[in-house]
Amino acid sequence: MVMEKVTAIPNLELELAQELLQVYGSPLYVYNGDILRQTISYITKAISYPHTQFHFASVTNSNIALLKIFKNAGWGLHANTPGDIYLGLNAGFYAGDIVYSGSNLNWEEMEQVLGWGVTTLNLDSISQLRLCCEVFLFRAKTQRSKDAKLNIGLRLNVSEDSRIGVSSADFDEAVSIASAAGLKISGLHFYRGTGTNATTAFTDVIDAVLVIAQKLPDWQYLDFGGGFGYPYHHDNVAFDWEIFGNKLSTRIGNLDKNINLVIEPGRSAIAGCGTLLVKVVSVKWQGERQIIGVDSTIANIAVISVHGGYREIITLKNSTSEKYLTDVCGNTTYSRDYLGKNCQLPALKIDDIIAILDVGAYGYAMSSHFLHRPRPAEVLLENGTYHLIRKREDYSILLNNQIM
């Protein structure tokens, strides 16, 4: 693939943004690979416990080029669905480097997961454990070569309000079901919840989780989950990886046996490297409020009701003029198509460039064809170059798989 030379370290100055949009069109997802590698390195170094494995939660972003950056950094992959596994395998991850922690698979999907060679599964319920064991035994009887022994973990239910996981009261039944299939429950998976910035939400429960884990007679690994947040409001408190890493490393290091530790950062690892560039196509004023229309739609970034309503929005226009209360509106007729509300931006004009920051997680991954807009292209900036990592869609995508 042709690599275009960038004259400076890519940080999305106006000239670079103009060049990117001229080459690849607008709107455009832009990822900074240098920032991503710095974040990966920071998180990796924050946990000193020697038996630690990092697995990127690809539910947040599954672009193959970005997954390869995690693979080359020595991370594995954390999969929530069979689709995550499929993409991970195509990115070059070995099946043994993929941890599945999902829910509600049917027989065919469970057989597919095992058929791909995934050997570590954190299961969400007793019924999913039973299904996994049944599929494992079926494959052992019908396949010429037996599957490798599975590492089975249980996802821990941490709240009556959560649908995820089982309680420790179910451990005995789970151990019995696994034993009947010649398997062991060797892991416990703790999942705090998505987008948690409070470090104490993780550190305060370490001791309790370790006590619960030791109720499993064959306990060998602790998956201390994902759900680690990202400070979209840059002046807000961020999750402190160093405090978390020090406390978790100390606690687990004091156990009387070596336990393998799995950490699954997603949003916290990749959110900050992504930017969505858009162009102004319409300007109007309602009193002192500026209403900006852009050539993108809310369907191109995270669903507001699911993953929060704030992303920092800046203009790349060279301007030191007065700023105005501004709403940034998408190019559909959906009444809630706001990419940002109450932003502070200078007076803008058509063709000015706006950058929506921190969209590396749950951005393109949650984009859709709502109101029948094709999705943007994706570009990766790294080592002074940029290149296309996903083509822009055109309207023909809307006819895919339709029968006419």
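Which side chains meet in a salt bridge at 3.0 Å, N to O? In this predicted model, they are those of R251 and D207. R251 belongs to helix α10 and D207 to helix α9, so the contact ties together parts that lie 44 residues apart in sequence. R251 is partly exposed, at 30% relative accessibility. D207 is partly exposed as well, with a relative accessible area of 42%.

Helix α9, which carries D207, spans residues 206-213. Its buried residues are I206, V209, L210 and A213. Viewed down the helix axis, these residues fall within an arc of 100°, so they line one face of α9. An α-helix has 3.6 residues a turn, so residues three or four places apart point the same way. Several elements cover the buried residues of α9. Among them are strands β8 (185-190) and β9 (221-223). Helices α8 (200-203) and α10 (241-253) also contribute to this cover.

The structure holds eight salt bridges. A second one joins the side chains of K279 and D351, at 3.9 Å from N to O. This pair links distant parts of the chain, 72 residues apart. K279 sits in strand β11, while D351 lies in the loop between β15 (338-346) and β16. K279 is partly exposed, with a relative accessible area of 26%. D351 also counts as partly exposed, at 48% relative accessibility.

A further salt bridge forms between R390 and E378. Their closest N and O atoms are 2.5 Å apart. R390 is in strand β18 (residues 385-390) and E378 in strand β17, twelve residues apart. The two ends of this bridge contrast in cover. E378 is buried, with a relative accessible area of 0%. R390 is partly exposed, with a relative accessible area of 30%.

Strands β11 and β17 both pair with strand β2. Strand β2 (residues 28-32) runs antiparallel to β11 (residues 274-286), and four bridges join the two. Within this pairing, Y29 stands opposite L276 of β11. The pairing of β2 with β17 (residues 377-382) is parallel and extends over five bridges. Here the bridge partner of N32 is L381 in β17.

How many residues of β2 are buried? Five of its five residues are, and the strand is mostly covered. Cover extends to both faces of β2. L28, V30 and N32 are buried on one side. Y29 and Y31 are buried on the other.

L371 lies in the loop between β16 (353-357) and β17. L371 is partly exposed, with a relative accessible area of 38%.

Terms used: Residues numbered from 1 in each chain as written. Predicted model: local features only at pLDDT ≥ 70, side-chain atom pairs only at ≥ 80, totals over all residues. Heavy atoms only, no water. Buried < 20%, exposed > 50% of the residue type's maximum accessible area, 1.4 Å probe, protein only. Pairing = 2+ DSSP bridges. Arc of directions from axis to C-beta. Contact = heavy atoms within 4.5 Å. Salt bridge = Lys/Arg side-chain N within 4 Å of Asp/Glu carboxyl O.
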